[in-house]
Amino acid sequence: MALIGGIYLAVRWSAQQSDAVAIERQQQLVELVISKMQGSIAHDQESVTVWDDAVRKVSLEWDAGWVDSNLGSWMHSYFRHDGAFVISPDRKPVFAYLDGRTDDGGDFQEHSACGNAACRQAAGKARSRRRGRHQ
């Protein structure tokens, strides 16, 4: 009976260890996939944020139709992005596109915690680039 109990405990311990290793590997895989997706999204967004027309139509001569067509609908159809926000320098949404439709910015409020972190990161990168050009 003690032998059977010992075998049971050894098998149970082995299964628990195997499960722990599998969970850790899955967690690492999820983190890797998310990291790759974030890099891909940033690269996709950069393709339009450095575009002179985008800068002009967003900051100098606001054109809601152009912004929707080129920064909302196009980003969704070409890159399959679920949403896009255009944020003013004071971090307020001026354009929101989610789930195939434009929005008045209410959707941004639901995502503002993530959005504000992304805004700070993007603003820091933009300042670094500007400093590099003016030196």
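**Entry 1: contacts and overall layout**

I started with contacts between residues at least 6 apart in sequence: 30% of them join residues at least 24 apart. I note here that the model is predicted. Next I looked up the secondary structure and found five helices and three strands. Along the sequence I read the pattern α-α-α-β-β-β-α-α.

**Entry 2: surface and burial**

I looked up the accessible surface, which comes to about 10,200 Å². Carbon and sulfur atoms hold 56% of that area. I then checked burial: 19% of the 135 residues count as buried.

**Entry 3: the core**

Which residues make up the largest nonpolar core? I listed nine: Val-48, Ala-54, Trp-66, Val-67, Leu-71, Met-75, Val-86, Phe-95 and Tyr-97. Two elements, H3 and strand E2 (93-98), each give two or more residues to this core. H3 supplies the largest share, with four residues. For background, I wrote down that nonpolar side chains tend to be buried together in soluble globular proteins.

I followed up on Val-48. Leaving aside neighbours within four places in sequence, I found Val-48 in contact with Ala-54, Asn-70, Leu-71, Trp-74 and Met-75.

**Entry 4: aromatic pairs**

How many aromatic pairs does the structure hold? I counted three. I took Trp-74 and Tyr-78 to begin with. Their ring centres are 4.9 Å apart and their planes meet at 10°, so I logged the pair as stacked. The cut-off for stacked is under 30 degrees.

Where do these two residues sit? Both are in helix H3 (residues 64-79), and being four residues apart there, they are separated by about one helical turn. Trp-74 is partly exposed, at 32% relative accessible area. Tyr-78 counts as exposed, because its relative accessibility is 55% and the cut-off for exposed is over 50%.

Trp-74 has another partner, Phe-79. Here the ring centres are 5.4 Å apart and the planes are at 85°, so I logged this pair as edge-to-face. Phe-79 is partly exposed, with 22% relative accessibility. The limit for buried is under 20%, so Phe-79 does not count as buried.

Trp-74 takes part in the stacked pair with Tyr-78 and in the edge-to-face pair with Phe-79. Trp-74 is also on my contact list for Val-48.

Definitions and conventions. Residues numbered from 1 in each chain as written. Predicted model: local features only at pLDDT ≥ 70, side-chain atom pairs only at ≥ 80, totals over all residues. Heavy atoms only, no water. Phe/Tyr/Trp six-rings, centres within 6.5 Å; stacked < 30°, edge-to-face > 60°. Buried < 20%, exposed > 50% of the residue type's maximum accessible area, 1.4 Å probe, protein only. Contact = heavy atoms within 4.5 Å. Areas by Shrake-Rupley, 256 points an atom, 1.4 Å probe, with all protein chains shown as cover. Core = buried A, V, L, I, M, F, W, Y, C linked by side-chain atoms within 4.5 Å.
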